[in-house]
Amino acid sequence: MLLLKKACPFLIIIGNNPPMKRSFMENRSPEGVPLAGARSPEERGIAMKALITGATSGIGRDMAVLLARQGIDLIIASRDTKKMQALACRLPVNVKIVTVDLSKAEDCYYLYHETKSENIDILINNAGFGAFG
């Protein structure tokens with residue numbers, strides 16, 4: 001079972017959903033270890049959705065794959081539409097693609113307008129650039 005809390009300290013849970021719906025740590029100990037009989041969100045009949053920026057490579061891509069394996073639908077955002085389409089074809093969940101360059105203010109607003117009506121449970125804000133990684 002995936003231990004998102006320990007593996008991803010940057011993971012942020014957002015949204016207006018009831019706590020039981022957005023808590024992927026249900027049926028886990030305080031340390032994040034699955035308890036007996038723990039089931040994935042999909043097995044519990046709970047539809048969850050994650051927004052991942054910078055989803056075409058590295059941590060963003062890997063998080064998309066891991067969340068998809070957990071049955072969590074995705075909205076992926078990046079500058080490279082072809083890479084997002086290739087990734088979406090490999091994933092066993094619903095995937096919405098939003099092509100944006102988040103270094104541009106207008107694209108940040110565009111992403112907001114494209115996703116504000118979505119019921120997002122998890123945000124992985126992974127887009128970025130820099131001289132050292």
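In this protein, residues 24 or more positions apart account for 53% of the contacts with a separation of 6 or more, where contact means heavy atoms within 4.5 Å. Keep in mind that this is a predicted model, in which local features need pLDDT of at least 70 and side-chain atom pairs count only at pLDDT 80 or more, while totals for chains, interfaces and linings use all residues. Residues are numbered from 1 along each chain as its sequence is written, and side-chain values use heavy atoms, with hydrogens and water left out.

Let us begin with the overall plan. The protein has 5 helices and 5 strands, and from the N terminus on they follow the order α-β-α-β-α-β-α-β-α-β. These elements are DSSP runs numbered from the N terminus, with at least four residues of H or I for a helix and at least two of E for a strand. Of the 133 residues, 39% are buried; buried means under 20% relative accessible area, exposed means over 50%, and partly exposed lies in between, using a 1.4 Å probe and protein chains only. The accessible surface comes to about 7900 Å², and 53% of that belongs to carbon and sulfur atoms. Such areas come from the Shrake-Rupley method with a 1.4 Å probe, and for residues only the protein chains shown count as cover.

Now find strand 3 (residues 73-78) and strand 4 (residues 95-99), which pair in the parallel sense over 5 bridges. Two strands pair if DSSP finds at least two bridges between them. Together with helix 4 (residues 81-90), strands 3 and 4 make a right-handed β-α-β unit. Right-handed here means that, with the strands pointing away from the viewer, the path from the first strand over the helix to the second runs clockwise.

Ile97 counts as partly exposed because its relative accessibility is 30%. Beyond residues up to four places away in sequence, Ile97 touches Ile76, Met84, Gln85 and Ala88. Take Met84 from that list: Ile97 and Met84 are 13 residues apart in sequence, and their C-alpha atoms are 6.7 Å apart in space.

Over in strand 3 sits Ser78, which stands opposite Thr99 in strand 4. With a relative accessibility of 10%, Ser78 counts as buried. Setting aside residues up to four places away in sequence, the residues that Ser78 touches include Ala55, Met84 and Val98. A polar atom of the Ser78 side chain lies 3.5 Å from the backbone nitrogen of Asp80.

Which residue's side chain does Ser78 meet in a polar contact of 3.1 Å? The partner is Thr56. A polar contact is a pair of N or O atoms within 3.5 Å; within protein, one must be able to donate a hydrogen and the other to accept it, and residues adjacent in sequence count only if both atoms are side-chain atoms. Thr56 is found in the loop between strand 2 and helix 3 (58-69), and counts as buried because its relative accessibility is 16%. Apart from neighbours within four places in sequence, Thr56 is in contact with Arg61, Ser78, Asp80, Lys83 and Met84.

Finally, turn to helix 5 (residues 105-115), whose buried residues are Asp107, Leu111 and Thr115. They cover an arc of only 65 degrees around the axis, so they are on the same side of helix 5; the arc is that of the directions from the helix axis to the C-beta atoms. An α-helix has 3.6 residues a turn, so residues three or four places apart point the same way. The buried residues of helix 5 pack against strand 2 (49-53), strand 3 and strand 4, whereas Glu106 and Tyr109 are exposed on the other side of helix 5.
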